[in-house]
Amino acid sequence: MTGSKWKASEEVVRRFQHVGRALLLHDIEDSHSGNIAMRWTGEDGEEKILITATGSQKGDLYPSDICLLSTSETDFGYYKASSETDIHARILALDGVGASVHAHTKDLVFVTFDDAPKPNQPAPFIPVDPLGYHVLEGQVPVDWVAVPSGSREMTETIPRRLADHRVTVIQGHGAFAKARTIEEALYRLCIANHAGYVVRLLLKIGADVEGLRAKIREAPAAHFAYPPPDYTVNDDAICEFPEEDELIREFRRAGARIFESRISPFHTGTLSVRGISSMLYAPKASMPREIGGPLRQVPLKPDGADDRELAMHKAMYAAGNFQTVAHCYVPEAETLAHFTHPGETEASDRVIAIDAEGSFLYPVIPVVPPGVELETLTGLLHDYKVVIVRGGGVWGVGHQSLSEVLHHPSSVREICQYRMAAFERGLDLRKLEPAKARRW
Amino acid sequence: MSSYRIPGYSGKILEVDLGREIVRARPLDPALAEDYLGGRGLATRLFVDAVDPACDPLGEGNVMVLATSPLVGMNAPTSCRGHVVFKSPLTGVIGSSNCGGTWANVFKAAGYDAIVIRGKARTPVMIDITPDRVELLPADSLWGLDVHETTDRLLEDGAGKRARVLCIGPAGEHLVRFAALMNDKNRAYGRSGPGAVWGSKNLKAIRVFGQEKTRVVDPERYQSGLDQARFLLRAVPTTKRLLNDMGTAGLVRLINVIDMLPHRNFQDNLHRQDRLDGASGEALRSRLLVRSGACMRCPLGCQRHTRVGDRTGEGPEYETLVLLGMNCDVYDLEAVTLANYQCNELGIDTMSCGGTLACAMELFERRYITEQDTEGLDLSFGNASVLEELVRRIAFRTGIGDQLAEGAARLAARYHHPEVAMTVKGLEIPAYDPRASYTQALGYMTSPTGACHLRGGYAVSLAFFGGAREIPRFSLLQSPIAIRNLQNIGILQDSLGVCRFTGYAYSAEPWSRMVSGATGLDFSTHRLEQTADRIAALERVFNLEAGVTRDDDTLPARFSDESIVVGGKERCVPKDVIERLRSDYYELQGWDSEGRPDRALLHKRKIERLRS
């Protein structure tokens, strides 16, 4: 064991630090929980494992908190490394896996508890939100283990689960994700937690979650809009319009706000600014400042190779004088899109703000089904600036700036929070809503 | 109350042929109301239908249309404004000017949506409008009176104080190319020289009296927009406080902060802070302000009623203060205020006046004109003592005033130095240096009336005060769309009869609900956008027919060749940037490389007219 073995490259250290910080900011870790691991090939060509040290603060990692392990021998790093190193090592041995991350993902843990006698096999977690459903491929396994921390049982169970799934949960402990990179693992964990959060909120507003799951099982296409684009790796530093320094700053600023304010999970959602024949496009809108995300310049003209998300941006620009478009997966909005007023049978077709600012800025926020026609959606965006697509995220448009279009999903989140809080208190939402808003 | 089929409109157009002494009312075509709203849109359409674009702006062939909107007469914030459209004697392109005060509101209450004025009276006349009759009356006794005297004289009889007067002063009578129309004595349809058009027609004034109410057909929808508008106006600092506390002059120090405040005919943007402080909105408030005031139904209250010694009047506004002041290197607040009073009384646009004086001062500084040309007046930059005298000479076209009355472009050309004229299409540039914002630069370039921040898009409102809507100032990609959208919202405000300053707080959404509630028609924001596109295209068509070419959509060379420091960086608008911005803007509008909309686009915009 030589000293040089301890020294990962500065770039790798930065990536660990940034992912650790993002885990903390997204509130899916406590100060010392979780671990981050990846395969890494050193200068000597030998493949190794990098993993965070046990007890390290993931939100504020020192270089010395990142341990370098041989994949084939035990060394000093092993004894400083995470107590769950063996689990990660076996996950990293799976085909195509370059990274694994564990986080406590509290919201997912909340909704996967059960009070059945132990031992038992808990039911898998079925996401009811579009991101969770698509990215987690319909379900997340949940397992109970007698010793839910660094145990042999976990070392056997988790890699086995992850051989077939992207994320798995140990009941009462947290989630593990496999991925190609640590950023992609972060993406999956954030989406898993987001999926748990949506279910948690639905339970709070009295929604029939199991009924919803049954319907999703019957006809998933009827419940979700198109899936998000495939996650791309190793492209977060790309910027295809370096001359537009003011706009780059605005993209980074808006992206950081979307992430930090939990308007959309890490590297989800999209943002764009229209030019004359091209548009500037952030396909991973929710971007922590340190990690960033690609900033593309793409032709405005539709291209058969465009993914559905990009095609939507282009179609919206073709339909109006919009300058900016945003699409975010706001968990509170997805939740309220399923809200049925007491005594009514159908989910509401609108969210009506009950707070002062929301009710003036956004008197009515339409809620439309996932299969809404583009023409209908753009028509509503002209009149209301922001629209909630049930099972499809929140779309917003602006006539001037990225900041303007960021404000829409951000406000929607707050508007929904006020409504949910009022409902939790047992207040009559109908009495709080301006009567006229129900007829617009 | 009008029984016209579309609520919100009076349903009548008043046609006045001064040469043939014919006055008649005709019904408003409902299709025009639906497609052009009112104000600027309706006036533009009526004007384009009535005029030969090749006409002499000061000949009897020119036509002037003044229109109100469906919101005028209601309680929507700032909904009191009228709009005039004409061929400008200053620029030779479309003239389009907007004004608050009370006149337009009372005109609508007399039962009309617009007035179309043609021909030329043989002798000075005025038009007297009441709900019962419209008369052409001799105005020989008014000719020569200033704006205040004319207004007072006309209110002495007739309907007395309940009537309202729109008139010209001596500047209009003497065909000063930037003469204004004035109502409520001090409120101006200022830009592009509408006063000269009246002067050329021997039309001195229109007195109007009316009391007809305008009804709202869908009160709930209307009220929802109104509630939202009122809330936002109270929430945004600019509309909540700044404009009322300091008037528009409160912008002086703020615009200087963003390095956009022009100096010495746009030769630089460098101001000594102590001099600037002495001529700022704060100084105006502490030294000269008697009280603030407001146009009808305006909660903002940006009017400044001021006193200098024993003289009282209104102003100065920001543009006046900077263009007659700092841009002439004058920081004497009292001198600028007195010159402003004089402009109001004589009926002169203070902006073009200031731009022309700054041009003259640079010509003088460079010795292109001398004291021989000025009858001994010292036109040096910073000489505040000549301002009032120059304004008077302009109004009466005496001495050097006769040359100044032609505007900066003609003045500079006369002395063979056109590069000294800071104009676009012949219109003097407002008090925001375009080198500090590509977006504003493009707005000046593409404004249908020439360099105008109001018709060309008020980019500054977003560059500094935009809040969530704040736009980058130097984005080549974003500037064309940002300015087109700003131009469009300006078209809508002008066509709805509301003030540009509401744009600090909100865009089209509240107006959409208010105008839909007022008319019962579904004016969605998308439909309003399409309406704005249509009006913009029609203005462009007129300008093309009047002879505008791509080369006119540009900036003076100074802004490309001479840099200023903005945010610590040397900034100008290089020629290749001008080229790209212009080309992109044309493409965005659907125009060809020469800036011409094709027939298919015009058909889409429902404009079946384009002479080749």
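At roughly what angle do the axes of helix α20 and helix α24 of chain B cross? The views below come from a predicted model, in which local features need pLDDT of at least 70, side-chain atom pairs count only at pLDDT 80 or more, and totals for chains, interfaces and linings use all residues. Residues are numbered from 1 along each chain as its sequence is written, chains are lettered from A in the order in which they are written, and side-chain values use heavy atoms, without hydrogens or water.

**View 1. Crossing of α20(B) and α24(B).** The axes (lines fitted to C-alpha atoms over the stretch in contact, with angles from 0 to 180 degrees between N-to-C directions) of α20 (residues 479-496) and α24 (residues 575-589), both of chain B, come within 9 Å and cross at roughly 55 degrees. Helices here are DSSP runs of H or I with at least four residues, numbered from the N terminus.

**View 2. Residues joining α20(B) to α24(B).** In α20(B), B:Ser479, B:Pro480, B:Ile481, B:Ile483, B:Arg484 and B:Gln487 meet B:Leu581, B:Asp584, B:Tyr585, B:Leu588 and B:Gln589 of α24(B), where contact means heavy atoms within 4.5 Å.

**View 3. Domain 2 of chain B against domain 3 of chain B.** An automatic or database assignment sets the domain bounds, giving domain 2 as 244-428 and domain 3 as 437-504 + 524-604 in chain B. The C-alpha centres of these two domains lie 25 Å apart, and their contact takes 26 residues from domain 2 of chain B and 31 residues from domain 3 of chain B.

Notes. Helix = DSSP H or I, 4+ residues; strand = E, 2+ residues; numbered from the N terminus.
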